[in-house]
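Visitor: Please take a close look at the aromatic pairs in this protein. I would like a connected account of them.

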Amino acid sequence: MGAAEPLRSVLWVKRQRCAVSLDPARALLRWWPSPGPGASDPGAGACSVPVSEIIAVEETDSQGKHYGSGKWQKMETPFAFTVHCVKRARRHRWKCAQVTFCGADEQLCHLWMQTLREQLDKLTHRPRHLLVFINPYGGKGRGQRIYERKVAPLFALAAISTEVIVTERANHAKEALYEMNVDNYDGVVCVGGDGMFSEVLHGLIGRTQRIAGVDQNEPRAALVPSQLRIGIIPAGSTDCVCYSTVGANDAETSALHIVVGDSLPMDVSSVHHKGALLRYSVSLLGYGFYGDIVKDSEKKRWMGLIRYDFSGLKTFLSHHCYEGTVSFLPAQHTVGSPRDGKPCRAGCFVCRQSKQQLEEEQKRSLYGLESSEEVEEWKVVCGKFLAINAANMSCACPRSPRGLSPAAHLGDGSSDLILIRKCSRFNFLRFLVRHTNHCDQFDFTFVEVYRIKKFQFVSKHGEDEDGDRGERGKKGLGQICSQHPSCCCAASNSSWNCDGEVLNSSAIEVRVHCQLVQLFARGIEEEPRG
């Protein structure tokens with residue numbers, strides 16, 4: 001049989017006589033009921049699985065013990081092989097399914113196994129050796145158990161070797177990535193929450209820039225993309241990055257995306273203060289409301305996960321607003337807009353086309369055919385703000401299925417800058433509630449949203465980082481104005497919430513780096529209708 005010729009046979013599946021076909025050109029395995037003699041053509045009952053979604057092929061017990069009585073006993077010597085593959089479930093979840101094919105001809109079964117394995121060997125994008133970091137303390141402390149029970153068996157089935165490191169302290173993974181030789185790994189997997197992912201992200205980006213001789217403290221530096229993909233096994237409290245890139249916080253789903261070797265490019269924002277790198281951000285950079293929440297919740301870690309709800313209520317009642325100036329550079333290269341209602345999905349056209357246009361824009365600037373960034377038109381917005389949010393992704397989570405910016409894209413080289421101006425508590429509550437439903441959360445007079453590639457913020461009160469705001473926060477539930485209950489209480493400076501971490505410097509400079517890292521993911525798939 002030629003390498004590209006289809007393989008077609010009659011085998012048994014679940015006690016049913018089936019025609020089975022493997023088309024190497026289409027990389028597709030199909031089977032369908034064929035009760036008559038020979039192999040009939042596929043009908044409405046045909047099943048199929050792409051070779052790219054086959055995890056492994058194993059020889060089954062030649063005695064056919066798993067198939068019980070009935071027609072199997074009529075075969076003189078049943079031989080069988082099992083195909084482990086991806087099966088799609090509801091709400092973007094993937095499951096590992098098994099299909100067993102049985103036949104009386106041992107050589108035929110071996111031919112099928114050999115041919116399928118040869119097809120799998122051609123999938124060079126699949127990982128063979130992974131470095132795994134497990135946070136045993138994050139979320140509810142279930143990281144190690146989740147990995148051992150749900151992930152490790154799938155890696156073993158797919159013949160993926162691993163080196164596992166259980167982290168013992170904060171920044172353990174980041175420091176290890178700086179020091180280790182990672183040349184022999186095909187990717188890095190983090191088991192934990194968004195904080196664990198951030199550690200791995202900073203370690204990989206920092207290591208890559210150090211090797212390339214790039215100064216991370218230079219805000220205008222062109223960062224070098226990391227070649228190692230990052231896999232996320234969700235085991236934290238929110239797992240926003242996983243939810244926004246896969247569509248579910250499910251360990252088995254994420255493990256299967258890693259096994260099949262999916263790849264998803266993702267933007268990263270660098271955050272600088274006075275010529276020094278503070279952090280990298282991939283999801284939310286929030287000042288005001290979300291900054292106050294994370295700052296207050298850090299003081300209440302003893303409360304567990306409920307601290308976020310408590311701090312959220314306290315911050316809402318405090319109703320602080322912050323005065324300052326936001327300067328931003330609009331992302332002219334992007335195809336979409338924050339309110340076009342087109343979410344980022346698997347194989348996203350907006351991300352692909354926007355990256356191409358950004359590269360063309362950078363080439364024109366490099367050769368002097370267009371004005372460089374120094375003279376590009378910056379926009380300036382001044383005022384009092386309840387919140388300033390920059391979302392690199394939708395920031396969706398189970399509580400907010402559409403996220404803070406439903407049409408934000410993962411790899412278009414831009415961020416959605418959301419400005420919530422001073423307003424009443426009631427109007428701000430209306431805005432927050434819309435994050436939990438399908439209404440347009442930007443459809444308010446006090447809300448502005450822009451798609452940007454750079455922005456800067458300067459507080460009116462300068463760099464009095466600790467200031468009076470900390471003292472005000474100690475008074476009960478914050479400074480709630482009794483004479484004017486709907487007003488905003490002016491405060492000096494807030495903190496920035498950078499992917500769940502506190503940044504105390506209010507004045508920052510942010511730049512989006514297009515598709516700086518790659519994840520073991522494919523983006524959220526459109527669910528079939530019907």
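Guide: Helices (H or I, at least four residues) and strands (E, at least two) are DSSP runs, numbered from the N terminus. The protein has 11 helices and 22 strands. The model is predicted: local features need pLDDT of at least 70 and side-chain atom pairs count only at pLDDT 80 or more, while totals for chains, interfaces and linings use all residues. Residues are numbered from 1 along each chain as its sequence is written, and side-chain values use heavy atoms, with hydrogens and water left out.

Rings of Phe, Tyr and Trp (its six-membered ring) pair if their centres lie within 6.5 Å; planes under 30 degrees apart count as stacked, over 60 as edge-to-face and the rest as tilted. By this rule there are 16 aromatic pairs. One of them is Phe316 with Phe428, stacked at 6.3 Å centre to centre with 15° between the planes. Phe316 belongs to helix α8 (residues 306-318) and Phe428 to helix α10 (residues 425-433), so the pair links parts of the chain 112 residues apart. Phe316 and Phe428 are both buried, where buried means under 20% relative accessible area, exposed over 50% and partly exposed in between (1.4 Å probe, protein chains only).

Phe328 and Tyr450 form a tilted pair, because their ring centres are 4.5 Å apart and their planes stand at 35°. Phe328 is in strand β15 (residues 320-330) and Tyr450 in strand β18 (residues 447-459), so this pair ties together parts 122 residues apart in sequence. Phe328 is buried, at 2% relative accessible area, whereas Tyr450, at 26%, is partly exposed.

Phe316 and Phe428 also belong to one aromatic cluster with Phe289, Tyr290, Phe431, Phe444 and Phe446.
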